[in-house]
Amino acid sequence: MMVPLLAIDQLSVGFNTDNGEVTVVESLSLTAKEGETICIVGESGSGKSVASQSILRLLGENGIIQQGEIRFKGDNLLNKSEKELRLIRGRDIAIIFQEPMTALNPVFTVGHQLREAITLHSKRKGREATEYAIDLLRQVGIPRPESVMRDYPHTLSGGMRQRAVIAMAIASKPQLLIADEPTTALDVTVQAQILQLLKGLQEGSGTTILLITHDLGVVAEMADTVVVMYAGQIVEQADAGSLFDRPLHPYTQGLIHAMPSLQTRTGVNDERLESIPGTVPALNRLPQGCRFHPRCAYSQDICKQSSPPLVTAGDNRLVRCWLASLPTSSEPYATSGGQAL
Ligand SMILES: Nc1ncnc2c1ncn2[C@@H]1O[C@H](COP(=O)(O)OP(=O)(O)O)[C@@H](O)[C@H]1O
Ligand SMILES: [Mg+2]
């Protein structure tokens, strides 16, 4: 059997807080194949960033991996020393954050930082490193790359900065690129360009992309596989086509209904955006039963009492919802009468 590039198995992550240890990601499992784009989607606070930061152990001092394994090409990264992990970071696995200044140092030029990323992870030195840096800037669509090499990050626009960060991230041709809301801070046009850029780079190099977003428009554009998270748990997982065709979880249905572009495309001409009522619960005050039930239009007694397991729902599909688990309802949402959320 082929070893998947990334296999996260039953990962739970918590934080030490003033109110004790709080679990923010619970029993998360997912597998990413070479060249695949997996999108993790969910509202703010659902645990997307924490899950992705766990891969490179970037959780900060109070973060605790409570259980699970994170296997990269078969090796459990959780057993690696900090020194071993430092070699993997940036070389085999790179991460791009929402805010490009997180990755850039304001006191050094773009060229300096890019050359540093290159020389750290490859044998290229001197002139060769500089030429490769210029080439990378060109690849990410930065005009006049020779002159941008001499620029300081703050003199660039947000879009150009994020391109520079992407150039740094791909300098070592990582096998896994984690992108945590990489376009959220950018305007729509630039966002589309950056997504195209990531796609193009992936086609050229077969990189696996783990893309985190709260925007289903981005998911529709990019994903092979979609993982929907709610309050620290996976609530649905499917290939992108199936998910948009027939979302199973009421939460996924709500997210899709709240998507302006899909509404226009499907001819629902409603000015008012339908969104999911209520908010994600505080993780130290989770409701009993299904974590989504207080916001769910289909909530039944069982949903208030016990938490639903993540179950198989057809080919490569998973869903965590009692309505999908109960034997009586093969088409639960079609027969439930109400409009989705
Ligand atoms: N360093 C931390 N200490 C305590 N709680 C944290 C810390 N970082 C994140 N959290 C909590 O973990 C939960 C998940 O956060 P996060 O993964 O950032 O959500 P998302 O990326 O989906 O918006 C949130 O409730 C957040 O408040
Ligand atoms: Mg986040």
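Modeller: Here is a quick chat about the ligand site and then the overall fold.

Modeller: This is a predicted model, where local features need pLDDT of at least 70, side-chain atom pairs count only at pLDDT 80 or more, and totals for chains, interfaces and linings use all residues. Residues are numbered from 1 along each chain as its sequence is written, chains are lettered from A and ligands numbered from 1 in the order in which they are written, and side-chain values use heavy atoms, with hydrogens and water left out.

Biologist: OK, which residues are around ligand 1?

Modeller: Phe 15, Val 24, Glu 43, Ser 44, Gly 45, Ser 46, Gly 47, Lys 48, Ser 49, Val 50, Asn 62 and Leu 283.

Biologist: Which helix gives the most to that shell?

Modeller: Helix H1, residues 48–55, with 3 residues; helices here are DSSP runs of H or I, at least four residues, and strands are E runs of at least two, numbered from the N terminus.

Biologist: And how far is a ligand oxygen from the backbone of Gly 45?

Modeller: A polar backbone atom of Gly 45 sits 2.7 Å from an oxygen of ligand 1. For Gly 47 the distance is 3.0 Å, and for a backbone N or O of Ser 46 it's 3.1 Å. A polar contact is a pair of N or O atoms within 3.5 Å.

Biologist: How much of ligand 1 does the protein bury?

Modeller: 64% of the 560 Å² that ligand 1 exposes taken alone, by the Shrake-Rupley method with a 1.4 Å probe.

Biologist: Switching topic, how many helices and strands in the chain?

Modeller: 14 helices and 12 strands.

Technical notes
A residue is near a molecule or strand if one of its heavy atoms lies within 4 Å of it. A polar contact is a pair of N or O atoms within 3.5 Å; within protein, one must be able to donate a hydrogen and the other to accept it, and residues adjacent in sequence count only if both atoms are side-chain atoms.
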